Amino acid sequence: MADKKIVFDLDELDGVLAQVLKQQITVCVNQPVTTPPGHVPITRFLGVPLIVQERLVGAIFLANKSGDYTQEDARTLEMIARFLAPIVDAHVREEQEKEKRIEYEKRLAIQAQQLKRRNRQLECLAGLSDLAERGASIEEMVELTSYLLAGIFQDLPNVYSRIIFRGQVYQAESYEETEHKLSAAIFLGDEYVGAVEICCPKELLDDEGFAVYRMFVNELAERLSTVLTRKKVEEEIHAFRRQTELVLEVTRTGLSIADQECRLVYVDPWRRAVYGDYRGKTTHEYFCGTTSPCWACPTARALRTKMRVTQERMMPREGNRPVQTTAIPFLASDGKWYISEITVDLTDRKRWEDRLVQAERLEAIGHLAEILSHEMNSPLQYLEHNLHFLRESWQHISQNLQELAAQACGSSTPTGENTLDEELVTREFPDAIEETLAGVQRLAKIVQTLRTFACPDASEKTIHDLNAVIQAAIDVTRSHVSKIASIVTEFDSTLPRVPLMAGAFGQAMSNLLLGAAEAIEKRRNLRDEEGLITVRTRRLDTDWVEIEFFDNGVAIQPEERRNFLEPYFANQPASVTSRRSLVHLYRVVVEGHQGSVEVESEEDRGTRIVIRLPTRDLQEANAHTSQLSPIIASEQAAAPPDTTTFLNENVARLNSGG
Amino acid sequence: MSTERDTLVLIVDDDVNVLRGLTRALRHQPFQLLTARSAEDAQEILKRWLVDVVICDQNMPGTRGTELLAWIAEHSPRTARIILTGQPDLKTAIEAINRGQVFRFLTKPCSDWDLVMAIHDALQAVRSSSTLASRRPITRLPESAAG
């Protein structure tokens, strides 16, 4: 019996059973029926189907009654069947429900486990992102990720995970190498740096539930690559920024960036340390402490003109150090204008320039000594002769007074040596006295000129006759220059007296003369030509006077000309020597007197230097004017950057003002 | 004395006051004094007269003192040359000695006495060398005859 089939498919059945079940009718057979082999022989048969709502739920079969089955039996069985059918039906349904529920619970359990695993995976990925945000280093992130990864597989025995990164292996102590591995590569940018690896038994690899881990390994490796790459880029940017800021700090260079409302978006750290938090502040609020930008504000001007603006100024909150600020406008990728402002420290340059000026002063004193030795020695020479002459003559006269008196009256004729020479009295004597006086005056004048020169430190401006100051400079250098060139002066006699630092200005003038002489000497080496220096003064209007300085020496080289506009030019002393002291001139005229200097130099025509000076002291005027009108003229008349024009803002302001 | 009166001393300086001062200082000296205000004037005089001593300023516009002395050394070698300069620098001194072959190098200011002494020394030198020079052709004659 054991090998007998007890469950049959409905379609397989035939015979009486099938008739009952398929046709759902009562079947009564009172003779033997064929049975499958091994089946108990059936001599008589009665079968009734169990039907609930026209649906077959079962059947009742009776067999082998001692007598025949009757109509009565069939009806009785049908009655029993009608009674039994709902009970059987209910039972069958209950069985089916039970089966379903068990299967459902099984599926739920699998899903819960999958969810749990997925959750752990997500936790791992989230943990990685979290680590990145918390600013962990790349190595820390790799290490902590390896712990998170191990946590995912803690419920799976014989599954081990590890991360290999730059030759370093991050794995648990219990790690065991197995034959089968899931692995995904980690990249840093384009560089292959390591891998995420999971070792597991083979059967687990075939398990459907485990398949999600294949995806996860790839996902984790990818995420790790992204996070680490971003971290690396961030670190690089950070390092670069630190480096840049270090350079800025070491060179005492300031860098700030402002948007089109002049609001600061970046300030270098060391100025942040001085000025505090910059966020939300405008440049003028932050650096100058003013509510609106002043007329000279380079940022505002650069925004207005969309052109590079350079400005020299003092920083009062940084110990009054001199700086040069260059505001460079640029159009950012967001379509807005920004201004980056670079502030270069000029302390060294000023120091160098001071030294240059000092050296020039020493040189000027050297020249002066040379000039003086000649200028003073000649008068001393004839003063001595004349005084000797006068003394001897006077001795002669006083010794022979009586005789001479008589001779003068005409009562006595001159005899021997004791004659009074007519010429001596009428010509030589007064001449000698006059010449002596002239010599003394000349010495006095030299001493006076010397005094003007000896105190060029006086930074106080006093009202001076410009012509006289220039003449003094010419006088001082004449003995040197006149050997090389002739000096022509055309002085405007109506020139107003101007506020002048006479010493410094006179030195600048004499430097110009000596520089011109040097240039002419160079030209003379090239070809024989009469050297000529012309100095002209004239009055421009009520506010300005002009000094034009011309020489026909060799021209100033364009490189040199560019040089003295360069902020770092002072670090290249070689270029200064060829044409002396234009820097000094610039400082004296533009910074000292708020004037302007223009240089035109052509090879065949010589060099023309035009100096303009205000007739009023602009510094003082500035101090008294609280409201400054915005600067316009200098921007509109802005010369191309390579022309040699020192235009002080005050000049333009005055021009535009009237 | 009469021979000394024939002695000519030329002073060259661009500063007329210096010339007149020197004239006064040397007015009692036994020689005739000539003055020139430039190297060109001096050259004119030297072409016309046999000048015994030249006193020359170094620093003059145009031709400089040492250049004039060099010219004199070439064209009138018998003239003794004295330089009187307000700028006694080494360059001038070297040039004066090498090119101008000066007898004395005087610096301004120079006292009457020093100047007079320098001129007398120069005259002395000129005279002795001129006597030598006048004798020279005689001593040389037999040699040339022999040759």
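Helices (H or I, at least four residues) and strands (E, at least two) are DSSP runs, numbered from the N terminus. With that in hand, I looked up chain A and noted 19 helices and 20 strands.

I kept in mind that this is a predicted model, where local features need pLDDT of at least 70 and side-chain atom pairs count only at pLDDT 80 or more, while totals for chains, interfaces and linings use all residues. Residues are numbered from 1 along each chain as its sequence is written, and chains are lettered from A and ligands numbered from 1 in the order in which they are written.

Next I checked burial: 28% of the 658 residues of chain A count as buried (20 or more other C-beta atoms within 10 Å of the residue's own, C-beta atoms being placed from the backbone).

Then I turned to where the chains meet. I found 17 residues of chain B in contact (C-beta atoms, placed from the backbone, within 7 Å) with 21 residues of chain A. Helix α2 (residues 16-25) of chain B gives the most to chain B's side, with 7 residues.

Last, I traced a sheet in chain B. Its 5 strands form an open sheet in the order β2-β1-β3-β4-β5, with parallel pairing (at least two DSSP bridges between two strands). At the edges I noted β2 (32-36) and β5 (104-107) of chain B, each pairing on one side only. I also followed β3 (residues 53-57) of chain B, which pairs with β4 (residues 80-85) of chain B in the parallel sense over 5 bridges. There I saw I55(B) opposite I82(B) in β4(B).

Definitions and conventions:
A residue is buried if 20 or more other C-beta atoms lie within 10 Å of its own, exposed if 12 or fewer, and partly exposed in between; C-beta atoms are placed from the backbone. Two residues are in contact if their C-beta atoms, placed from the backbone, lie within 7 Å.
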